Amino acid sequence: MALVTTKEMFAKAYAGKYAIGAFNINNMEIIQAICDAAAEEKSPVILQVSAGARKYAKHEYLLGLANAAIKDSGIDLALHLDHGADFEICKSCIDGGFSSVMIDGSKWSFEENIALTKKVVEYAHAHGCVVEGELGKLAGIEDDVKVSAADSSYTRPEEVEEFVTRTGVDSLAIAIGTSHGAYKFTADQCTRNADGVLVPPPLRFDILEEVEKRLPGFPIVLHGASSVPQEFVKKINSLGGKMPDAVGIPEEQLRKAASMAVCKINIDSDIRVAMTAAIREYFVEKPSAFDPREYLGAGREAVKNMVKHKIVDVLGSNGALEK
Ligand SMILES: [Zn+2]
């Protein structure tokens, strides 16, 4: 068992009409929860690390924990840098043992994005690492990446072939209406259902179809694809939390995307809300608790259940390691 690139994972996922979950890791409990869930569901999985996670937990700890997870769970893992902002951070992760990096040049012009992405691809491929690029701009907040709704833009399908051909990138993140964070949409972008919960505008499947037509067989990535399940938001709010109008992408839309060209779906906020709800509940039920293993253990269990649910009901990747 080893750290592997996403190449074979994506080829199988494309052919099998499912997607691989890319879950953000920040500490030992989250890594254990994701890898135990993947091993039990016999699902491939990608562990991804943001610049913020590297700052918080440090590169060597995350790399060490990922390698420990491979030994303990007995499955291959891909270790991916999420939203590399420049060549230097990508190089640092490639040199530091990651198997995959994202270079996010979406804030630059088309030509600048191509030049930057190509530079990272050349370095990565020479070192056995794969690269994800991005075209289009997602709204929302993820660690250091902040884009307002007004500055966001859908991917232009007419640009994807040129981008992929000229950069040599291995997968491509596109913007079709997903958004980063737990507050993906403002009230004026949404309608409200009978329970008063915000209902976001549907994903732009027409863009995804057009991209798929222009890049047959090429793996597409969706960022900002947490669903922010309302039962967890309600639990957090009822236990002293304050997450008004937190809302995500409906899971049935993500399942549909996973059956199309989307081979990687990024999930971070749903891990956070699951862990937060469980830890809040633990402290409310056991106010005298002060052993971190107890409340972090409860958080870890909740994350594991969330990841299993995503693998089975959203990604459709369960059992894929047996095929
Ligand atoms: Zn992202």
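**Figure 1. Strand S1 has both of its faces covered.** On one side of S1 sit Ile20, Ala22 and Asn24, on the other Gly21 and Phe23, and all of them are buried. Here, a residue is buried if 20 or more other C-beta atoms lie within 10 Å of its own, exposed if 12 or fewer, and partly exposed in between, with C-beta atoms placed from the backbone. Strands (E, at least two residues) and helices (H or I, at least four) are DSSP runs, numbered from the N terminus. With 5 of the 5 residues of S1 buried, the strand is largely enclosed by the rest of the structure. Please keep in mind that this is a predicted model, in which local features need pLDDT of at least 70, side-chain atom pairs count only at pLDDT 80 or more, and totals for chains, interfaces and linings use all residues. Residues are numbered from 1 along each chain as its sequence is written.

Figure 2. Two strands pair if DSSP finds at least two bridges between them. S1 and S13 run parallel and are joined by 4 bridges; in this pair, Gly21 has Ile265 of S13 as its bridge partner. S1 and S2 (residues 46-49) also run parallel, joined by 3 bridges. Look for Phe23, which stands opposite Leu47 in S2.

**Figure 3. Eight strands close into a barrel.** In which order do the strands of the closed barrel run? The order is S1-S2-S3-S4-S5-S8-S12-S13, with parallel pairing. From one strand to the next, the twist averages 25 degrees. Such angles run from 0 to 180 degrees between N-to-C directions, and the axes are lines fitted to C-alpha atoms, for helices over the stretch in contact. Helix H7 (residues 160-167) lies across strand S5 (130-135) and strand S8 (171-174), and runs at about 150 degrees to S5.

**Figure 4. Strand S4 lies beside S3 in the barrel.** S3 (residues 78-84) and S4 (residues 100-103) run parallel, and 3 bridges join them. Leu81 stands opposite Val101 in S4, and Gly84 stands opposite Ile103 in S4. Ser100 and Met102 point one way from S4, while Val101 and Ile103 point the other way; all are buried.

Figure 5. H2 has 13 residues, and its first and last C-alpha atoms are 18 Å apart, close to the 18 Å expected at 1.5 Å a residue. The expected span of a helix is 1.5 Å times one less than its number of residues. What covers them? Just after H2, Lys42 takes a positive phi of about 50 degrees.

**Figure 6. Helix H11 is mostly covered.** Of the 17 residues of H11, 12 are buried, including Ser269, Ala274 and Arg280. How far apart are the end C-alpha atoms of H11 (residues 269-285)? They are 24 Å apart, which agrees with the 24 Å that 17 residues should span at 1.5 Å a residue. The cover over the buried residues includes strand S1 (20-24), helix H2 (28-40), helix H9 (230-238), strand S13 (262-267) and helix H12 (292-315). Leaving aside its neighbours within four places in sequence, Ala274 is in contact with Phe232, Ala302, Val303 and Met306. Two residues are in contact if their C-beta atoms, placed from the backbone, lie within 7 Å.

**Figure 7. The largest nonpolar core has 97 residues.** A nonpolar core is a set of buried Ala, Val, Leu, Ile, Met, Phe, Trp, Tyr and Cys residues joined through C-beta atoms within 7 Å. Which residues touch the most other members of this core? They are Ile34, Leu47, Val101, Ile265 and Ala274. H12 gives the largest share of this core, 8 residues. In soluble globular proteins, nonpolar side chains tend to be buried together.

**Figure 8. Val247 is found in the loop between H9 and helix H10 (251-258).** Is Val247 buried or exposed? Val247 counts as buried because it has 24 C-beta neighbours inside 10 Å. Beyond its neighbours within four places in sequence, Val247 is in contact with Lys184, Phe185, Val197, Leu198, Pro200 and Val228. Gly181 is 66 residues from Val247 along the chain, and their C-alpha atoms are separated by 9.0 Å.
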